[in-house]
Amino acid sequence: MNALQLTIEKAWENRDLLQETETQNAIKSVIELLDNGDLRVAEPTTSGWQVNEWVKKAVVMYFPIQKMETWEAGIFEYHDKMELKRNYAEKGVRVVPPATARYGAYVSKGVIMMPSYINIGAYVDAGTMVDTWATVGSCAQIGKDVHLSGGVGIGGVLEPLQAAPVIIEDGAFIGSRCIVVEGVRVEKEAVLGANVVLTGSTKIIDVTGNEPIEYKGHVPARSVVIPGSYTKKFAAGEYQVPCALIIGKRKESTDKKTSLNDALREYNVAV
């Protein structure tokens, strides 16, 4: 792995090396490792999440060394530089037509892909549901037993390299038409109600106590979140600006399924 990283870093600094077979083979090896789940763009550590920037560099450099090709999958025709994932039966993944995952994305056993899209570099862990018209952007990290509801947009990230990918941790429920972008991290078992939009600058305000508590860039574990707004002054007057409101917590004393149902029922969250 160290040798791969060294080769990738050298090619990043000197793009002429992309013409060399050794460099191309190294890049292709990284993409294969990503596809098999043996390497990740970001990985959990004891102190949080570590982003492997050199892996993102390999993904970025994979595009210029690939040639446009035309191929068919059943009744569909594609013309692109990236192949699609294959052998879903061997992987234990259910794929409903016309769901698509690009080669270089990892999709674990037990994942269900309704008509949806998973981009290169993404990691989707076991038991997760990617529902109809949901998209998982490049390098996004999706945990175990996550539900991405219909029309959810999980943003991708390749450049700038320092930018963290979107991370959805184990057991989270992302409601219909939610958008999560710009490296936002949704911690374990959190619930986002329908139409919540989270960017890196979105205010996430806990309104469950006597005083509001404000977060940016991450949703605390087991939080139940709905769309909200706050008043902001501009030169032209005062206007409502979107935010997200934490209105409660999923209970630790119940299992995930029961906790989710309780949260939605108790707080009347649209999904």
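This is a predicted model: local features need pLDDT of at least 70, side-chain atom pairs count only at pLDDT 80 or more; totals for chains, interfaces and linings use all residues.

Biologist: How is the aromatic pair of Y106 and Y123 arranged?

Modeller: Ring planes under 30 degrees apart count as stacked and those over 60 as edge-to-face, with the rest called tilted. Of three aromatic pairs counted here, the one formed by Y106 and Y123 is tilted, with 4.7 Å from centre to centre and 35° between the planes. This pair links distant parts of the chain, since Y106 belongs to strand β7 and Y123, 17 residues away, to strand β10.

Biologist: Which charged end sits over the ring of Y123?

Modeller: That of R40, which lies 3.6 Å from the centre of the Y123 ring; elsewhere, the charged end of R15 sits over the ring of W12, at 4.1 Å from its centre.

Biologist: And how should I read the pockets?

Modeller: Rolling a probe the size of a water molecule over the atoms shows where empty space is left. Here the largest pocket holds about 290 Å³ of space, and among its 16 lining residues A73, Y78, L84, A99 and T100 are the closest to its centre. Strand β3 gives the most to this lining, with three residues, and by class the lining has 12 nonpolar, one polar and three charged residues.

Biologist: What is the make-up of the lining of the second largest pocket, by class?

Modeller: That pocket, with a volume of about 200 Å³, is lined by 16 residues, of which P44, W49, E169, D170 and K188 are the closest to its centre. Its lining has six nonpolar, four polar and six charged residues.

How values were computed
Residues are numbered from 1 along each chain as its sequence is written. Side-chain values use heavy atoms; hydrogens and water are left out. On a 1 Å grid over the protein atoms alone, a cavity is a set of points where a 1.4 Å probe fits but cannot get out, and a pocket is an open set with protein on both sides within 12 Å along at least five of seven lines; lining residues have an atom within 4 Å of a point. Grid points are joined across faces, edges and corners, and a volume is the space filled by probe spheres set on the points. Helices (H or I, at least four residues) and strands (E, at least two) are DSSP runs, numbered from the N terminus. Ala, Val, Leu, Ile, Met, Phe, Trp, Tyr, Cys and Pro count as nonpolar, Asp, Glu, Lys and Arg as charged, and the others, Gly among them, as polar. Rings of Phe, Tyr and Trp (its six-membered ring) pair if their centres lie within 6.5 Å; planes under 30 degrees apart count as stacked, over 60 as edge-to-face and the rest as tilted. A charge sits over a ring if NZ of Lys or CZ of Arg is within 6 Å of the ring centre and within 35 degrees of the ring normal.
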